[in-house]
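Student: I'd like to go through this model with you. Can we start with the ground rules?

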Amino acid sequence: MTTAPAIGQALDRVDGRPKVTGSAHYSAEIPIPDMAYAYVVGSRIAAGRVTAVDASAAQAEDGVLAVLTHQNLPKIASQPPLIPSLAGTAAPGQTFFPMQDDIVHYAGQQVAIVVADTYERAQHAAHLLRISYEETPSVTTLEQGRDHAYVPDTIFGGFLPGHVERGDVEAGLAEADVQVGGTFTYAANNHNPIEPSSTTAQWEGDELVLHDATQGVAATQITVARLLGIPLSNIRVIGHYVGGSFGSKAMIHDHSALAAMAAREVGRPVKLVLTREQMFTSVGHREEQEQHITLGATRDGRLTGIRHHKLSPTSHFDHWAEPSIGVSQEMYACPNYEGVYRLFRANTMTPTFMRAPGEASGMFALECAMDELAHELGLDPIELRLRNHADTSPVSGNPWSSKGLRECYERGAARFGWQDRDPRPGVRREGNWLIGTGMAGAGYPVTPPAGPQRARARVYADGTAVVQAATPEFGTGVATVMAQVAADALGMPVDRCRFENGDTDLPNIAAAVGSAGAGMISAAVHSAATALRNQLIARAVTDGASPLHGADPVDVVARDGVMTAGTASDSYADLLQRNFQPDAEASGSWSPPAGDVPYGMMTFGAQFAEVAVDPELGLVRVRRMIGAFAPGLVLNPKTARSQLMGGMLWGLGQALLEANHMQPRTGRWANASLGEYLVAVNADAPDVDVEFVEVDDLVVNPLGVKGVGEIGQVGSSAAIANAVHHATGRRIRKMPITVEDLL
């Protein structure tokens, strides 16, 4: 009897027990002898300069080893460009490094570091620093910067244009029978993973070891090497376990290099952990933004034009905007489209990736406008979307590598009970509660990494196997899923395979961002494991002592660790033991499709939500959510469903809870702790149901894996907002929707 294929099994995560029992060590928990501790001091002003630093009281405290400021911190060797870490290159969070001069660009900018022999002493001494400032007026809000906005040539690290168009949008809107749209506003969002960002740095002569909380150990390695001017071969980065990221640890922020600089200064290992408050000012954020969208359509619901403009603040150093107009130009068949980003320079650090960066906010505007258009035309919202279904990519005209969106609409609607919906707003009531239902489409681009992705596989003479790649485990279940991929490629039981990861000494994998992790890592693991299987088969058929001697390698099949051709068989373990070989190994690599591949590549889905609204108290309770998604091959339904549920619940938080605002007078965040910044908790969570629509994709990677990390969030906030409109008859064009909006 042979085992079933490992891919597709809903296996428990192998990292579950270590995390629950506490045996999993994160970067801030690595025990290193003679450890020192760094505490970062942030600027109290948003704009100006540091005029003086009095460190005498701090330096006089017991245990204080160093106080570093712009006056004595070494200069960096070079500043890498702002390039998303998916490319496998240097990936600084911004093209500015602190404490190189006395200029203050934003509140919370690092202006000093205190290093001491205990964390408590470092923190206490930091509060004894006397830092004087010369303050100048700051610009931090949309209203302050609106009149100074410009259209950049590119955004997103230079990867995307600031202005895109096809057809003639003015003519398309002019020929429309109906136009709808409006201005949508979004509060800023801040990263709050369970584990704050941290780095532990240790020098061994000229060689540096970093234990870093990062989505990509290679990205940390390359970025810090560039900043410090040392060879890549002199840096090892380890990050086995990471306590969540969602974009905050995708780019490499300043603390990683600062920890290394502090460790070199004091001559002993240094641990630097950001406080929860510093997470609001040190690792980027989703920027405050305003989007204006206009849809034009014929009376029968055919889109004739889409105009989508966005205004948002960026830093003084980088043209950054999350790509909110990216999906709106791809989602529907429309001949005329215009998308424009407008930025203004603000006293803020450079914003960064945050789960579904741009897709979640852009689809909120698009899908709420589509719901409004359906209401105006008297069409069912799903019917309107089907009439504008894009059979090919509207941008390139190329066929989709795979799609499945029609099936997502159909299966999600059936599961939700959409057919029983009364389309009239405000008519369904249960006691004091108004009940509404809403839906939205979802789309997320499949973005292959640049360059080859590598892995290594090894089979031991005891019949076990290990596969290795540098990628960290930051909560996605990668160690479990890659063992499944390796098991099937090797033809071995999954419980005999394990995955080693999170170390730059292992084969290089780009940072797992943009929902690309499962696709690119599985491709490299599949390549390495397949190469090793073929190597062992080739060894067996040429081994005179093997029962498979002389067989055609094409006829040999591997299952359960046994190679079989006809009635003859030989196990991997027997082959290696017979030849006095303790193990065999092979490397594999995968290079993603070229940028000019003649296909549109996106993941699609459909979201449905039911809400209850108390019109007297302004309360919204989401009662159930259903999502149907077509993510290609699902490697492990349990981990994939968990990712999608997490994204859907984050969309709930984005729609109803998460908000931060800059105080115009001080240029500082109003809510800079979890006591004031609201996130969804268990009490907010409704019933969440996930439906998979599997589609075959022969283009994106060898296994046809598209990824699920972010598509679950896209569309969920729009579905909730549309349900609120259906319950109340009120169209609310802002995130989050608050009590004040409903009273």
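Tutor: Strands first. Two strands pair if DSSP finds at least two bridges between them. Helices (H or I, at least four residues) and strands (E, at least two) are DSSP runs, numbered from the N terminus. This is a predicted model, where local features need pLDDT of at least 70, side-chain atom pairs count only at pLDDT 80 or more, and totals for chains, interfaces and linings use all residues. Residues are numbered from 1 along each chain as its sequence is written, and side-chain values use heavy atoms, with hydrogens and water left out.

Student: Which residue stands opposite R458?

Tutor: E585, in β28. The strands here are β22 (residues 453-460) and β28, paired antiparallel over eight bridges.

Student: What strand order does that open sheet have?

Tutor: β24-β23-β22-β28, four strands with mixed pairing. β24 (497-500) and β28 (583-590) each have a single partner strand, so they stand at the edges with one side left without a neighbour in the sheet. From one strand to the next, the twist averages 20 degrees.

Student: Which strands does α12 touch?

Tutor: Helix α12 (residues 478-490) packs on the sheet and touches β22, β23 (465-468) and β24. Contact means heavy atoms within 4.5 Å. The direction of α12 makes about 130 degrees with that of β24. Axes are lines fitted to C-alpha atoms, for helices over the stretch in contact, and angles run from 0 to 180 degrees between N-to-C directions.

Student: And α13, which strands does that one touch?

Tutor: Helix α13 (residues 517-541) touches β22, β23, β24 and β28. Its direction makes about 140 degrees with that of β28.

Student: Back to α12. T480 sits there. Is T480 buried or exposed?

Tutor: T480 counts as buried because its relative accessibility is 3%; the cut-offs are under 20% for buried and over 50% for exposed, with partly exposed in between (1.4 Å probe, protein chains only). Not counting residues up to four places away in sequence, T480 touches L11, D12, R13, V14, D15 and N636.

Student: New topic. How do β30 and β31 run, parallel or antiparallel?

Tutor: Parallel: six bridges join β30 (residues 619-630) to β31 (residues 687-692). G627 stands opposite V690 in β31.

Student: What lies between β30 and β31 in the crossover?

Tutor: Helix α15 (residues 637-656), and this β-α-β crossover is right-handed. That label applies if, with the strands pointing away from the viewer, the path from the first strand over the helix to the second runs clockwise.
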